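Subject: Structure handover

Hello,

Here is the structure for you to look through. Please open it first, then read the notes that follow.

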Amino acid sequence: MSSRLTEVIESAETLSIEDQLNLIAHLAQRLNHARSTSPQSLQSDRIQVQIELNKKGKSIWQIAEDFVKDIPLEELNKLPTDGAEQHDHYIYGTVKIES
């Protein structure tokens, strides 16, 4: 992984949950675009990533990417932005707590 990408991922930890989800959606969209336009460079990148994954396992960002890679951006934009604050509502169906 390039040092610039590592830098960006580390700085993303300071973003809000909503901004992190937007970033993941954006990256997933860009990756899907890259897959359709440059198969040779993508294959080279995949090989390099696989080598790194074999050394240390998947990062949280790679796991998140796997979850959203096939989800259209329109659907990702429908995700709740108050998931952390209202987790009981989304998990157990309780009434939302007013903040």
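Is Lys96 exposed, partly exposed or buried? Lys96 is partly exposed, because its relative accessibility is 40%; buried means under 20% relative accessible area, exposed over 50%, and partly exposed in between (1.4 Å probe, protein chains only).

Two notes on the source come before the rest. This is a predicted model, in which local features need pLDDT of at least 70 and side-chain atom pairs count only at pLDDT 80 or more, while totals for chains, interfaces and linings use all residues. Residues are numbered from 1 along each chain as its sequence is written, and side-chain values use heavy atoms, with hydrogens and water left out.

The chain as a whole: it has 6 helices and 0 strands, where helices (H or I, at least four residues) and strands (E, at least two) are DSSP runs numbered from the N terminus. In sequence order the pattern reads α-α-α-α-α-α. Of the 99 residues in the chain, 15% are buried.

Salt bridges: the whole structure has 2 of them, each being a side-chain nitrogen of Lys or Arg within 4 Å of a carboxyl oxygen of Asp or Glu. One joins Lys96 to Asp82, at 3.3 Å from N to O. Lys96 is in the segment after helix H6 (87-92) and Asp82 is in the loop between helix H5 (73-76) and H6, so this pair ties together parts that are 14 residues apart in sequence. Asp82 is buried, at 17% relative accessible area. Another salt bridge pairs Lys78 with Glu75, with the closest N and O atoms 3.0 Å apart. Lys78 is exposed at 60%, and Glu75 is partly exposed at 38%.

The loop between H5 and H6 also holds Gln86, which is buried at 8% relative accessibility. Leaving aside residues up to four places away in sequence, Gln86 touches Lys96 and Ile97 (contact means heavy atoms within 4.5 Å).

Leu79 is in that loop too, between H5 and H6, and is partly exposed at 38%. With Ile17 and Leu21, Leu79 forms a nonpolar patch on the surface, with about 240 Å² of accessible area together. Patches are made of residues with over 30% relative accessible area and no salt bridge; like charges are joined within 9 Å, and nonpolar side chains (Val, Leu, Ile, Met, Phe, Trp, Tyr) within 5 Å.

Regards

Terms used: Areas by Shrake-Rupley, 256 points an atom, 1.4 Å probe, with all protein chains shown as cover.
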